[in-house]
Amino acid sequence: MRGRTHVFEIRVITDPADADRVTAALSTAFATGQARQYPTRDGQRTRLYITADHRPDPEPYPAPEAAYVLAPSILSEMRWVTNAVVTAECFTELERDYYLRKAALLDRIALMDEPALPFGDATETAEAAAVFLLDTDRDHLAGHVVERADRDPRGYVRQQYVRHAARVCDDLGEGPCYLHPDPEH
């Protein structure tokens, strides 16, 4: 049965003010298409028709070697993270890029510490930075994404780092890639 789709139609009658909330809630439970809205015959409520499918199994989080294959050196990232903090005004909330790159840096450092048990402080610090990034993103994520990331916050960091690196490196209009300052990249 794996691989077959089971598309179905959902019909909801709701108060017009709740239509967006209902549509959003359904999209967290199912892979949904665009909601079609029509007034009920009495004009007091809204009919929603939504084509849905069971949510596909998520792609596994990238392995560390795949996630960080294009990452700058650990020392280079330490300089970037430190510089971002040093140059920020006091009590300034930093951009998401800072928290992502810091979490990825700490993950990479922890990976060097982890081949031997017991894991040390580096692992705990990497986990804490990953949870912080997830908490930063939490309000913008679907429920199923949060549940999965809560089970593996460092996997979430790796996934986000891959997406971030691809986005930064593909944006040719912004000049050289700041993740990879080497002009040969």
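**Ground rules.** I am working with a predicted model, where local features need pLDDT of at least 70, side-chain atom pairs count only at pLDDT 80 or more, and totals for chains, interfaces and linings use all residues. Residues are numbered from 1 along each chain as its sequence is written, and side-chain values use heavy atoms, with hydrogens and water left out.

**Salt bridges.** I began with charged pairs, taking a salt bridge as a side-chain nitrogen of Lys or Arg within 4 Å of a carboxyl oxygen of Asp or Glu. By that rule I get eight salt bridges.

I looked up R158 and D107, whose side chains meet at 2.7 Å, N to O. This pair links distant parts of the chain, with R158 in helix 7 (residues 153-170) and D107 in helix 4 (residues 96-113), 51 residues apart. For helices I use DSSP runs of H or I, at least four residues, numbered from the N terminus. Are R158 and D107 buried or exposed? Both are buried; my scale is relative accessible area, with buried under 20%, exposed over 50% and partly exposed in between (1.4 Å probe, protein chains only).

Next came R138 and D150, with their closest N and O atoms 3.0 Å apart. R138 sits in the loop between helix 5 (121-137) and helix 6 (143-151), while D150 is in helix 6, 12 residues away. R138 is partly exposed at 26%, and D150 is partly exposed at 42%. I also noted that salt bridges with shared partners join D107, R154 and R158 into one network.

I then checked R21 and D18, which form a salt bridge at 3.6 Å, N to O. Here R21 is exposed, with a relative accessible area of 55%, and D18 is partly exposed at 26%.

**Helix 4.** I tested its length against the expected span, 1.5 Å times one less than the number of residues. Its 18 residues should span 26 Å, and the end C-alpha atoms are 26 Å apart, which agrees. Buried residues in helix 4 include Y98, L100, A103, A104 and D107.

**Nonpolar cores.** I count a core as buried Ala, Val, Leu, Ile, Met, Phe, Trp, Tyr and Cys residues joined through side-chain atoms within 4.5 Å. The largest has 26 residues, and Y68, Y98, L133, Y156, V157 and Y161 have the most contacts inside it. Which element gives the largest share of this core? Helix 4 does, with eight residues.

Key:
Helices (H or I, at least four residues) and strands (E, at least two) are DSSP runs, numbered from the N terminus.
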